[in-house]
Amino acid sequence: MLCRIYAQTGQRVNKMFCTIVKYETENLIKKRFVWILIAVYTLFSAFLNISNSFRDGYFPYVESVAVMLINLVLPLFLGLIAISSLPTSFTEDRVAGIDPLSQTCLLGKKKRNTAKALATILFSIIICVCLVGITLLLCYFCNHLDWNVNVLHFSWDLELIPVWPAYRHILFSTICLLCGNAVLSLFMLFISHQTATATTAIGATGMVVIFEFVFFKFSFPALIKEINICVMLQPYYLFSMNLFRYSPTVNFVLIAAVHLPICLLVFRQIQK
């Protein structure tokens with residue numbers, strides 16, 4: 001009898017956990033700024049696909065429009081979406097008085113926070129896949145999607161060595177952006193978890209983003225500045241890193257390996 005009760009309770013807890021993950025994910029997706037930024041990205045990407053003169057003027061030497069968009073434009077919008085939607089995740093609950101109630105529910109605060117963290121990661125994956133899909137569809141309808149073209153330059157005079165076909169660049173860049181956006185989103189959620197108000201969370205998020213960007217662009221030790229979230233959100237930079245020059249896959253694996261224990265530590269802190 002007790003075993004049956006425990007089994008039923010476990011099923012209820014698992015069902016509630018999945019329901020909270022679904023609810024939190026939907027809540028993030030439904031935010032107004034998310035859809036506004038997706039719409040702006042779609043319009044700007046469509047404009048770059050249609051306007052050959054503008055693209056040639058500001059993004060010369062483009063051999064694959066899809067590779068250029070995924071490497072240069074898409075990461076900016078991923079960052080804007082994360083900054084606009086995630087810093088208030090916990091602070092909104094505190095303002096609404098929901099956060100104290102989580103300690104009295106069947107799941108408990110720890111599992112509810114875990115569900116929120118998983119929902120955040122799922123949200124980051126959905127947004128990244130959505131923007132990549134929009135990019136590929138626009139390039140396909142504008143007849144700019146050539147999977148087999150060899151890409152040496154994707155803009156200006158930046159060279160990508162070794163030379164890969166476009167489909168390999170797109171696949172590699174998508175994997176980098178999925179991982180980088182998940183890490184960035186988890187850090188944004190951690191800031192929200194540690195701050196008391198939405199204003200403080202947004203301010204702290206802005207300071208962290210500025211620090212990461214400045215550290216990436218102007219840090220003196222080259223090897224240190226390359227262990228940075230911005231690197232995973234700029235896949236083309238992995239081709240010219242000082243860690244292993246012209247070995248983008250090895251560079252990505254090393255950077256991901258460095259960030260993994262940090263993310264696990266952040267995840268544990270969010271659970272508390």
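Mentor: Glu24 is buried, at a relative accessible area of 7% (buried is under 20%, exposed over 50%, partly exposed in between, with a 1.4 Å probe and protein chains only). This is a predicted model, in which local features need pLDDT of at least 70 and side-chain atom pairs count only at pLDDT 80 or more, while totals for chains, interfaces and linings use all residues. Residues are numbered from 1 along each chain as its sequence is written, and side-chain values use heavy atoms, leaving out hydrogens and water.

Trainee: How many salt bridges does a search of the whole structure find?

Mentor: Each one needs a side-chain nitrogen of Lys or Arg within 4 Å of a carboxyl oxygen of Asp or Glu. Glu24 pairs with Arg112 at 3.7 Å, N to O, and with Lys116, where the closest N and O atoms are 3.1 Å apart. The search of the whole structure gives a count of two.

Trainee: How far apart in sequence are the parts that Glu24 and Arg112 tie together?

Mentor: Look at the helices (DSSP runs of H or I, at least four residues, numbered from the N terminus). Glu24 sits in H1, residues 2–29, and Arg112 in H6, residues 108–141, so their pair links parts separated by 88 residues.

Trainee: And how far apart are the parts tied by Lys116 and Glu24?

Mentor: Both Lys116 and Glu24 are buried. Lys116 belongs to H6 and Glu24 to H1, so the sequence separation of the parts they tie together is 92 residues.

Notes: Helix = DSSP H or I, 4+ residues; strand = E, 2+ residues; numbered from the N terminus.
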